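My notebook is open and the viewer is loaded. Here is what I looked up, entry by entry.

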Amino acid sequence: MKRTYNGSCHCGAVRFEADTDLAEGTFRCNCSICFKSRAWMAAVPANGFRLLAGEADLRDYQFGPKRIHHLFCSACGVRPFSQGQDPKGNKFYAVRVNCLEGVDAKELVDAPIKYFDMRHDNMKTPPAETRHL
Ligand SMILES: [Zn+2]
C-alpha cells in the first residue's frame, strides 16, 4: 500500500517526503554510477515527491546523455534521490530506499527488485548476472 515516507541524507541537511509503495517494486541497475554507489531505489512520480529541506545543500552530478540529475548532499556525500525525465518528458524521482526512515528490514527484504541493464542502455531485459548488484 502506498504511503508517505520521510527520507534524508546522512547528516539530515537534505530531507524529503516520498509517496511510494515498496511492495510494488524497487530497482537496481548496473550502470557505472549505480554500480559504484550501490544504488537501490524506488521510483516516485514528480507529484509524489516533496523536498522539505536542503535545496541549497544539494549538488548535482550528470554524465553521459545527462538525462538524470544524480544529486548528493554537499555535507555528507549521501545521494538520497535522483531526478530525471522519462522518454515522454514526465519528471520523476528515484529515491534511495536506504534513505527512507521507518523502513524495517522485513519491508526491504520483501520488496521486489527489478534489475536494469543500463550499462548496455537496455531497459528491456535484466542483466545476465544480478547477484553482485
Ligand atoms: Zn547530508
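**Entry 1: around His69**

I began with His69, which touches Asp60, Tyr61, Gln62, Ser82 and Gln83, leaving aside residues up to four places away in sequence; contact here means heavy atoms within 4.5 Å. A note to myself before going on: this is a predicted model, where local features need pLDDT of at least 70 and side-chain atom pairs count only at pLDDT 80 or more, while totals for chains, interfaces and linings use all residues. Residues are numbered from 1 along each chain as its sequence is written, and side-chain values use heavy atoms, with hydrogens and water left out.

I placed His69 in strand 7 (residues 68-70); strands are DSSP runs of E, at least two residues, numbered from the N terminus. With one of the neighbours, Asp60, the His69 side chain makes a polar contact of 2.5 Å. For that term I use a pair of N or O atoms within 3.5 Å, where within protein one must be able to donate a hydrogen and the other to accept it, and residues adjacent in sequence count only if both atoms are side-chain atoms.

The cut-offs are under 20% for buried and over 50% for exposed, with partly exposed in between (1.4 Å probe, protein chains only). I also checked His69 against Gln85: they are 16 residues apart along the chain, and their C-alpha atoms are separated by 9.5 Å.

**Entry 2: the zinc site**

Which residues hold the zinc ion? I listed Cys9, Cys11, Cys73 and Cys76, each through SG, at 2.3 to 2.4 Å. Donors are N, O and S atoms within 2.8 Å of the metal (3.2 Å for Na, K and Ca), and water is not among the atoms, so sites may look incomplete. The angles among the four donor atoms run from 105 to 119°, and the site is tetrahedral, a label that needs all angles of four donors to lie between 85 and 135 degrees. Along the sequence I read the donor spacing as C-x1-C-x61-C-x2-C. Cys9 sits in the loop between strand 1 (3-8) and strand 2 (15-20) and Cys73 in strand 8 (residues 72-73), so this pair ties together parts 64 residues apart in sequence. Cys9 is buried at 5% relative accessible area, and Cys73 is buried too, at 1%.

**Entry 3: Arg96**

I found Arg96 in strand 10 (residues 91-96). Arg96 is buried yet has no salt bridge, and the nearest side chain of opposite charge, Asp60, is 11 Å away. A salt bridge needs a side-chain nitrogen of Lys or Arg within 4 Å of a carboxyl oxygen of Asp or Glu. The Arg96 side chain does have a polar contact of 3.3 Å with that of Ser37. Other residues that Arg96 touches include Trp40, Met41 and Phe81.

**Entry 4: salt bridges**

How many salt bridges does the structure hold? I noted six. In one of them, Glu17 pairs with Arg50, with the closest N and O atoms 2.9 Å apart. Glu17 lies in strand 2 and Arg50 in strand 5 (residues 49-53), so the pair ties together parts 33 residues apart in sequence. Glu17, Asp19 and Arg50 are linked in a network of salt bridges.

I also noted Arg67 with Asp121, at 3.5 Å from N to O.

Terms used. Helices (H or I, at least four residues) and strands (E, at least two) are DSSP runs, numbered from the N terminus. Lys and Arg count as positive and Asp and Glu as negative; His and the chain ends are not counted. Four donors count as tetrahedral if all angles lie between 85 and 135 degrees; four count as square planar and six as octahedral if opposite donors are over 155 degrees apart and all others between 65 and 115; anything else is irregular.
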